[in-house]
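Please look over the sequence and the structure before reading on.

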Amino acid sequence: MPANTLMINGKDVEVLQGESLLDACTKIGINIPTACHDSRLEAYGGCRTCLVDLDGAPRPVPACKTFTSPGMKVETSGVVLDTVRTTVDEMLACSSRAAIETWTDANRFIGYDPAQCIMCDRCVRYCDEIMQCNALEHVGQGSEAFIQPTQGESFLDTSCELCGGCVGTCPTEALYSKQSLEVFDKQSGEAPTTTRTVCNYCGVGCIIDIETQGNTVIDIDAQTGVGPNDGHLCSKGRFAWQFINHPDRLTSPLIRNYDNGELEETSWENALAVAAQKLSAVKQQYGADGIAFLASSRCTNEDVYALQKLARSVIGTNSVHSCAAT
Ligand code: SF4
Ligand code: SF4
Ligand code: SF4
Ligand code: FES
């Protein structure tokens with residue numbers, strides 16, 4: 001692809017045709033603030049947070065929506081530009097939408113707080129361009145504007161797939177995860193920790209960031225530009241995590257009592273001894289391939305690794321499978 005040479009803050013920069021001024025600035029390490037921009041979406045130019053001075057242009061131009069051409073001369077800071085940017089930021093922050101009473105939705109995962117919304121339309125565009133669901137719409141104008149499920153229906157009555165991509169792209173948390181809000185303990189003062197790992201629900205291998213507070217999972221998100229998923233997740237990867245700290249989870253092993261058919265609690269020592277004895281008996285009678293191991297996608301990646309090691313190295317069978325492999 002042919003390249004364009006332009007000048008940014010007095011430095012020559014070479015960029016590919018089709019790249020924006022924002023791309024060019026990022027390439028040489030200049031951080032331009034953005035709000036409505038998401039690199040996975042079509043350039044929008046709606047918020048004016050990313051204004052830069054372009055030689056010959058009558059007023060500052062949005063860097064995310066202005067495409068490069070040879071010989072452009074750009075300045076990314078200056079007294080006038082800084083003043084204009086401050087005014088734009090104030091206009092975005094100063095919204096009377098706090099007074100708007102909007103929808104509360106029956107869905108369990110996504111909530112909306114109009115007071116936080118800067119009407120950047122990232123959520124609507126994500127839903128249209130990436131998901132092609134058209135399940136969100138921008139209603140009204142100015143300070144009366146807000147976002148709602150299309151036609152004002154519940155998300156559950158739209159074509160929404162509850163992927164949560166609209167929540168992921170929202171720059172202000174106006175769209176938020178209801179589950180996270182429920183479990184995040186503000187009073188504790190404990191800052192969340194982020195652990196990057198791989199979603200184990202299926203074989204796509206999406207890279208996820210698990211947020212924890214102490215031993216409690218409080219959210220799962222994904223970062224743009226990271227892994228094969230580029231910040232996208234499906235509903236399982238993003239929202240199906242409450243089982244991890246669910247009070248109904250078993251905390252001790254159970255053995256079935258064949259006299260009454262009931263599962264009864266036992267110690268780990270006994271459970272392991274019984275499992276070893278039964279597996280040895282089956283192996284002796286039918287051989288190693290008489291045994292197969294099935295792992296749940298709700299096990300951790302480490303648990304699944306340990307299970308296949310047990311199957312192959314201890315029992316001697318390759319008959320091992322996980323429902324995550326589908
Ligand atoms: S959850 Fe996904 S499908 Fe539903 S509104 Fe948000 S982006 Fe659209
Ligand atoms: S909900 Fe978030 S992404 Fe959607 S318009 Fe408001 S601020 Fe932007
Ligand atoms: S279950 Fe969803 S989020 Fe997880 S790896 Fe598969 S597609 Fe990605
Ligand atoms: S980020 Fe460029 S106009 Fe919004």
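Into which domains is the protein divided? The division gives domain 1 (3-93), domain 2 (96-183), domain 3 (187-249) and domain 4 (254-325). Keep in mind that this is a predicted model.

**Domains 3 and 4**

- The C-alpha centres of domain 3 and domain 4 are 27 Å apart.
- Contact between them involves seven residues of domain 3 and six residues of domain 4.
- On the side of domain 3 that touches domain 4, four residues are nonpolar and three are polar. No charged residue is found on that side of domain 3.

**Nonpolar cores**

- The largest nonpolar core has 33 residues.
- Within this core, Cys123, Cys127, Leu136, Cys166 and Leu175 touch the most other members.
- Three elements each supply at least two residues of this core: β6 (110-112), α3 (122-131) and α4 (165-169).
- The most comes from α3, which gives four residues to this core.
- Domain 2 (96-183) and domain 3 (187-249) each contribute at least three residues to this core.
- A second core is separate and has 16 residues, including Val13, Val15, Ala24 and Val74.

**Cys127 and its contacts**

- Which residues does Cys127 touch, leaving aside those up to four places away in sequence? They are Cys133, Asn134, Ala135, Leu136 and Cys166.
- Cys127 and Cys166 are also among the residues that touch the most other members of the largest nonpolar core.

**Shell around ligand 2**

- How many residues lie around ligand 2? There are 13.
- Those that come nearest to ligand 2 are Cys117, Cys120, Cys123, Cys170 and Ala174.
- Cys123 is also one of the residues that touch the most other members of the largest nonpolar core.
- By type, the shell around ligand 2 holds nine nonpolar residues, two polar and two charged.

Definitions and conventions: Residues are numbered from 1 along each chain as its sequence is written. Chains are lettered from A and ligands numbered from 1 in the order in which they are written. This is a predicted model: local features need pLDDT of at least 70, side-chain atom pairs count only at pLDDT 80 or more; totals for chains, interfaces and linings use all residues. A nonpolar core is a set of buried Ala, Val, Leu, Ile, Met, Phe, Trp, Tyr and Cys residues joined through C-beta atoms within 7 Å. A residue is buried if 20 or more other C-beta atoms lie within 10 Å of its own, exposed if 12 or fewer, and partly exposed in between; C-beta atoms are placed from the backbone. Domain bounds come from an automatic or database domain assignment. Two residues are in contact if their C-beta atoms, placed from the backbone, lie within 7 Å. A residue is near a molecule or strand if its C-beta atom, placed from the backbone, lies within 6 Å of it. Ala, Val, Leu, Ile, Met, Phe, Trp, Tyr, Cys and Pro count as nonpolar, Asp, Glu, Lys and Arg as charged, and the others, Gly among them, as polar.
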